[in-house]
Amino acid sequence: MRHFLTLKDLSADELKQLIQRASELKALHKRGEVYQPLKNRVLAMIFEKSSTRTRVSFESAMIQFGGGSIFLSPDDTQLGRGEPVEDSARVISSMVDAVMIRTFEHSKVETFAQYSSVPVINALTDDFHPCQLLADMQTYQEHRGSIAGKRVVWIGDGNNMCHSYINAAQQFGFDLHIATPEGYEPNRAIIDAADATVKLFNDPHAATEGADLVVTDVWASMGQEEEQRKREAAFAMFQVDKSVMDVAAKDALFMHCLPAHRGEEVTAEVIDGQQSVVWDEAENRLHAQKALLEFLCA
């Protein structure tokens with residue numbers, strides 16, 4: 001039994017095979033061919049944070065694969081009334097074939113996986129967002145080929161997405177530049193644990209020079225809304241606009257995990273422009289996660 005809590009839970013070769021499989025499943029879906037490897041299987045989906053892309057993509061994946069899913073929120077379960085994670089893990093995993101969790105503390109998914117009898121998927125925690133990286137890597141490969149040896153720049157907060165990009169730099173073999181305001185750098189332990197070239201910058205233009213892929217995210221993640229004004233001031237010079245994209249490679253792509261705030265972390269000109277692949281990136285959540293579910297459960 002395998003879990004998927006970070007990108008490091010799979011080997012580099014397994015991840016590359018999974019990305020390739022995601023594109024194959026996408027093509028299969030576009031041709032209208034029915035493929036149901038998870039017929040009569042059930043995915044429990046535990047959401048302690050709100051979601052659009054994660055919920056729709058996982059539910060659609062299970063339906064298309066011939067299985068079903070159960071949406072569980074804190075209001076609907078004993079988890080919201082203080083039942084220990086260990087107890088919930090034992091009970092829920094005894095009734096389903098896999099569990100997807102979107103929550104705050106990363107330690108919660110680790111504890112759940114420890115006591116689960118079925119595969120557990122991290123669908124976002126405060127520390128990591130590995131499912132989004134599967135979609136991002138698939139999207140880059142579909143548009144530009146292998147990302148190995150390329151330069152990727154992350155602009156903005158050193159958040160869960162940034163941490164997963166650090167892991168991806170090791171697993172997929174690209175160089176990573178991270179541009180953040182002072183005080184908003186990613187966790188140093190995650191950088192130090194990565195066998196990859198990761199460089200920190202406080203200047204987004206210097207970080208982006210020659211980059212093949214430019215990525216950003218909202219300035220205030222879920223749970224940080226009270227910091228919005230403070231963050232707007234701190235990140236004012238870290239907006240991805242035309243001047244930033246102009247110093248990247250000519251064929252550079254732009255990605256954003258969404259939802260996006262046009263006029264804050266990215267201009268409308270960039271996110272709606274020809275270099276942006278955010279809509280392919282969003283759709284690929286479905287196909288990458290189908291490949292992941294097939295890998296873990298079929």
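**A lined cavity and a parallel sheet**

Let's start with what surrounds the largest cavity: its lining residues split into five nonpolar, three charged and one polar. Keep in mind that this is a predicted model. The residues in question are Ile-46, Glu-48, Leu-79, Val-85, Ile-101, Arg-102, Thr-103, Lys-108 and Phe-112. If you want to find the spot by secondary structure, look at strand S3 (98-102) and helix H4 (106-115), each of which gives at least two residues to that lining. The volume of this cavity comes to about 50 Å³. Searching the whole structure turns up one cavity of 30 Å³ or more.

Five strands make an open sheet here, in the order S7-S6-S5-S8-S9, and the pairing is parallel. At the edges sit strand S7 (198-201) and strand S9 (253-256), each with pairing on one side only. On average, neighbouring strands in this sheet are turned by 20° against each other, ignoring direction.

Zoom in on the S7 end. Strand S6 (residues 175-179) runs parallel to S7, and four bridges join the two. For a landmark, pick Leu-176, which stands opposite Val-198 in S7.

Next, look at the helices lying across these strands. Helix H6 (residues 160-172) lies across strand S5 (151-155), S6, S7, S8 and S9, and runs at about 160° to S6. Helix H5 (residues 130-144) lies across strand S8 (213-216) and S9, with an angle of about 160° to S9.

Terms used: Residues numbered from 1 in each chain as written. Predicted model: local features only at pLDDT ≥ 70, side-chain atom pairs only at ≥ 80, totals over all residues. Heavy atoms only, no water. 1 Å grid on protein atoms, 1.4 Å probe; cavity = no way out; pocket = protein on both sides within 12 Å on 5 of 7 lines; lining within 4 Å. Points joined across faces, edges and corners; volume = space filled by probe spheres on them. Nonpolar A, V, L, I, M, F, W, Y, C, P; charged D, E, K, R; others polar. Pairing = 2+ DSSP bridges. Axes fitted to C-alpha atoms, helices over the stretch in contact; angles between N-to-C directions. Contact = heavy atoms within 4.5 Å.
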